[in-house]
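Let's take a walk through a protein together. Keep the picture in view as you read, and look for each part when it is named.

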Amino acid sequence: MSELVTGDAVVLGLRPAKLPSRALALAIDLFVVWTVFILVSIGLTVAAVALDEAARAAIAVATFLLVLVGGPIAVETLSHGRSLGKLACGLRVVRDDGGPIRFRHALVRGAMGVVEILMTLGVVASIASLVSARGRRIGDVFAGTLVVRERVPAGRGVAVPPPPPWLVGRFAGLDLSAVPDELWLAVRQYLTRMNQLDAEVGWSMATRLSGELAARTGVPVPEGVPAAAYLTGVVNERQARDARRVFAAAQRVSPGGTGLPVDGWSGVEGAGGVKTASEPAGRVAPVGAVGPEASGVSEVSGVPGVPGVPGVPGSPVRTPGTGFAPPA
């Protein structure tokens, strides 16, 4: 595994690609590029048959530069380091700091690739990859890039360490809505790797992150609370809020997934009337009805608060209302 350190002193675990996988990806790319080059050359030769020898030579040189040199550069620039062969082999070209490459990186790699791949049939590139500790060819060295493996076995996630017991619940009143996701990610990366950092570097990072977090929340870091402990306490508070929010959302949804409250009432009872808060359970008051007997709905089973289900023994049976009260 390659030990790459970013500007924030975060160690990146990148797996450099081995020579066999890189050779296979290069073979796929060369096959595609040469196929396109031959087809384009044949088409241009047929189209330029009436031109003189100098014009045909100029077209051949331009075709070579555009297809064999410019094609791979354009593909790597637009795909951020993933050509067709690298995509098939699960590889990608990245910068030395782990970021995506840009046009200048692809241009240097493509220009050097003419010498170490096309003109020497890949011999120079193979020797350079074998000698390099991270499998880089000469183009990667000049461009400041590295070919890494994207498809790697999924490792076990590292959990954020818990806060000290005396800090649990202390930040319940903080407003965390203004904290961006990028800052949360930086804090989480620091907390999961703070034991791997140098003590002085870790202290400076914790101080900087805690200051940014306090500025976003509008509340300064409490006196006597270490910066790392403050970060763990705030992250723990956010996780607790997320858990409560998910639990509350699950409680509001009925078990059947209909989105109605668990008691089964939506507040409107078909065309018979509207269930009011003052009515007892199981009674429905029609709109405009007067008198206790004008509800238009009677219960036979005597089970209050449960709507009638036809064909189910023991369930309340609702009879349609006529709108008239029976004589006394």
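Predicted model: local features only at pLDDT ≥ 70, side-chain atom pairs only at ≥ 80, totals over all residues.

The mean pLDDT of the protein is 76, and 70% of its residues reach 70 or more.

Which residues have the most contacts inside the largest nonpolar core? They are Tyr 190, Leu 213, Tyr 230, Leu 231 and Val 234, in a core of 24 residues. Three helices each supply at least two residues of this core: H7 (181-193), H8 (199-217) and H9 (227-252). The largest share, 6 residues, comes from H9. Leaving out residues up to four places away in sequence, Leu 213 touches Val 179, Leu 183, Trp 184, Tyr 230, Leu 231 and Val 234. There is also a second, separate core of 6 residues, with Ala 17, Ala 25, Leu 91 and Ile 101 among them.

Next, look at how two helices meet. Two packed helices are described by the angle between their axes and the distance between the axes. Helix H1 (residues 19-47) packs against helix H4 (residues 103-119) at about 95 degrees, with the axes 14 Å apart. An angle of 65 to 115 degrees counts as roughly perpendicular, and H1 and H4 are therefore roughly perpendicular to each other. From H1, Arg 22, Leu 26, Leu 30 and Trp 34 meet Arg 109, Ile 117 and Leu 118 of H4. The residues of this contact divide into 5 nonpolar, no polar and 2 charged.

Finally, let's visit two glycines in loops. Gly 90 lies between helix H3 (84-89) and strand S3 (91-95). Is Gly 90 buried or exposed? Gly 90 has a relative accessible area of 4%, so this residue is buried. Gly 90 and Arg 149 are 59 residues apart in sequence, yet their C-alpha atoms are 6.0 Å apart. Gly 144 sits between helix H6 (138-143) and strand S4 (145-149). Gly 144 and Asp 96 are 48 residues apart in sequence and 5.8 Å apart in space, C-alpha to C-alpha. Beyond its neighbours within four places in sequence, Gly 144 is in contact with Val 94, Arg 95, Asp 96 and Arg 136.

Methods. Residues numbered from 1 in each chain as written. Heavy atoms only, no water. pLDDT = per-residue confidence, 0-100. Core = buried A, V, L, I, M, F, W, Y, C linked by side-chain atoms within 4.5 Å. Buried < 20%, exposed > 50% of the residue type's maximum accessible area, 1.4 Å probe, protein only. Helix = DSSP H or I, 4+ residues; strand = E, 2+ residues; numbered from the N terminus. Contact = heavy atoms within 4.5 Å. Axes fitted to C-alpha atoms, helices over the stretch in contact; angles between N-to-C directions. Parallel < 35°, antiparallel > 145°, perpendicular 65-115°, else oblique. Nonpolar A, V, L, I, M, F, W, Y, C, P; charged D, E, K, R; others polar.
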